Amino acid sequence: RVGLAVLVPVTQHFILPGDDLLGVNVAHLPLAEVRHQLLVEDMLFRSPGVRLDTAFHVCGVERHEALKGHIQIGFHFVELFPLPSKSFSFGWKASLRRLVDFALPKNIEKLRTDLEKYRITYDVWFPESTLHQSGAVKAVVDELTQRGMTYEKDGAIWYKATQFGGEKDEVLVRANGNPTYFTADIAYHRNKFVDRHFDRVINVWGADHHGHVARLKGAMDAIGLDGSKLDIVLMQLVKLVRDGETVRMSKRTGKAISLTDLLDEIPVDACRWFFNAKPETQMEFDLGLAVREDSENPVYYVQYAYARICTLVKALAAEGYTVPSAAEADLSVLTADEEKALIKQLAQYPAVVQLAARDYDPSFINRYLVELAAAFHKFYNACRIKGEAENVLLARLKLADTARAVLKNGMTLIGCSAPEKM
């Protein structure tokens with residue numbers, strides 16, 4: 001069993017979803033086939049179950065003073081909801097809790113619907129608050145204490161992180177009695193390894209969390225688990241550009257670019273393709289290129305190759321020619337340089353999938369698909385199919401249809417569509 005997790009705040013849908021997309025595209029890689037394992041995708045979201053003093057900020061809830069009796073939910077979009085009639089009748093703390101209970105599900109639902117538009121779904125939505133409510137966070141502190149890995153200083157409970165590769169010791173429980181996020185993170189990963197019996201856990205994080213990698217892997221060792229079974233992929237930030245200029249603000253809202261803003265302008269396939277960059281490198285998302293319908297746009301180029309083959313297969317079927325099996329086709333007639341180049345390109349596909357799965361880097365698939373589309377276009381332009389002798393026609397038809405199948409398979413792996421008509 002392999003667990004794939006993307007850790008986000010409840011306001012993740014306000015941010016371009018690089019982490020989510022890389023995570024889901026890693027999940028689309030056939031890890032179950034390559035490594036004979038079951039993959040379960042998690043969405044861990046921070047929830048304001050403990051710190052009511054910051055709950056409004058976590059939920060993105062604001063009292064809307066201009067419209068009495070309503071609240072605004074979200075930082076970068078405005079949605080007004082009527083307040084529950086008794087929200088402020090139980091004192092400040094109780095009222096705040098009622099407001100958070102009211103607003104949080106609406107924020108989560110917005111997150112779900114935004115991600116579904118982007119073809120991202122999760123098997124498990126895991127609220128951090130459940131770790132506190134179940135006693136899992138306290139159990140982690142108790143276990144580390146029993147192992148002699150904690151000490152008290154300034155009223156707080158500290159974990160001896162330096163004994164497990166950390167640069168400094170870490171606070172587990174603050175002097176006010178509240179556990180830190182780090183403690184909850186340890187409990188969450190213990191839940192995966194111990195309670196849900198995962199053999200390996202893959203986390204997808206933003207690059208700004210790079211300093212957290214060693215200390216979390218070390219904490220797994222400290223509680224008696226194997227930190228080497230926790231793999232963490234760091235995703236760099238994305239820079240949006242248009243006509244060579246950096247785009248920082250949404251035209252619609254005048255605020256930071258949200259996922260829904262982007263999807264209003266760019267097709268989902270283009271978004272998914274361009275976000276599927278190498279994890280360790282910062283990428284520039286060219287908004288102008290993403291909507292072009294020519295060979296400069298890689299997703300259009302690959303989809304056009306697929307559609308071109310579908311049109312060919314359909315046209316030949318109308319003339320009575322169906323795609324033969326490999327055994328039925330006389331493949332010995334495929335001797336042209338362009339035919340050989342396409343065959344070699346097709347033969348590389350299994351190895352490319354293996355590399356993508358090994359390195360948790362689905363951008364291998366993107367690069368391969370562009371190369372395969374280029375090889376097909378060269379073959380198609382150089383080697384006539386219609387009007388050739390039947391044995392040549394059928395052999396070339398089989399080769400073209402094999403390219404079609406691989407293009408379809410690769411686009412499916414990275415979550416892009418393969419339209420039969422363009």
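Q: What makes Arg242 partly exposed?
A: Its relative accessible area is 21%. Buried means under 20% relative accessible area, exposed over 50%, and partly exposed in between (1.4 Å probe, protein chains only). Arg242 is therefore partly exposed. This is a predicted model, in which local features need pLDDT of at least 70 and side-chain atom pairs count only at pLDDT 80 or more, while totals for chains, interfaces and linings use all residues. Residues are numbered from 1 along each chain as its sequence is written, and side-chain values use heavy atoms, with hydrogens and water left out.

Q: What does the pair of Glu265 and Arg242 tie together?
A: Glu265 lies in helix α9 (residues 259-265) and Arg242 in strand β12, so the pair ties together parts that are 23 residues apart in sequence. Helices (H or I, at least four residues) and strands (E, at least two) are DSSP runs, numbered from the N terminus. Glu265 is partly exposed, at 36%.

Q: How do you know that Arg200 and Asp231 form a salt bridge?
A: Their closest N and O atoms are 2.9 Å apart, which meets the cut-off for a salt bridge. Arg200 is in strand β10 and Asp231 in strand β11 (residues 230-235), so this pair links parts that are 31 residues apart in sequence.

Q: Which label, buried or partly exposed, goes to Arg200, and which to Asp231?
A: Arg200 has a relative accessible area of 23% and is partly exposed. Asp231, at 17% relative accessibility, counts as buried.

Q: Why are Lys138 and Asp142 said to be about one helical turn apart?
A: They are four residues apart in helix α6 (residues 136-146). An α-helix has 3.6 residues a turn, so residues three or four places apart point the same way. The side chains of Lys138 and Asp142 meet in a salt bridge of 2.9 Å, N to O. Lys138 is exposed at 57%, whereas Asp142 is partly exposed at 30%.

Q: What makes the link between Asn203 and His189 a polar contact?
A: A polar contact is a pair of N or O atoms within 3.5 Å; within protein, one must be able to donate a hydrogen and the other to accept it, and residues adjacent in sequence count only if both atoms are side-chain atoms. The side chains of Asn203 and His189 are joined at 2.7 Å. Asn203 lies in strand β10 and, at 1% relative accessibility, counts as buried.

Q: Why is helix α10 (residues 268-275) described as largely enclosed?
A: Eight of its eight residues are buried, so the rest of the structure largely encloses α10. Among them are Trp273 and Phe274.

Q: How do you know that His197 is exposed?
A: Its relative accessibility is 53%, so His197 counts as exposed. His197 is found in the loop between α7 (181-195) and β10 (200-206). Its phi is positive, about 60°, although His197 is not a glycine.

Note on methods: Salt bridge = Lys/Arg side-chain N within 4 Å of Asp/Glu carboxyl O.
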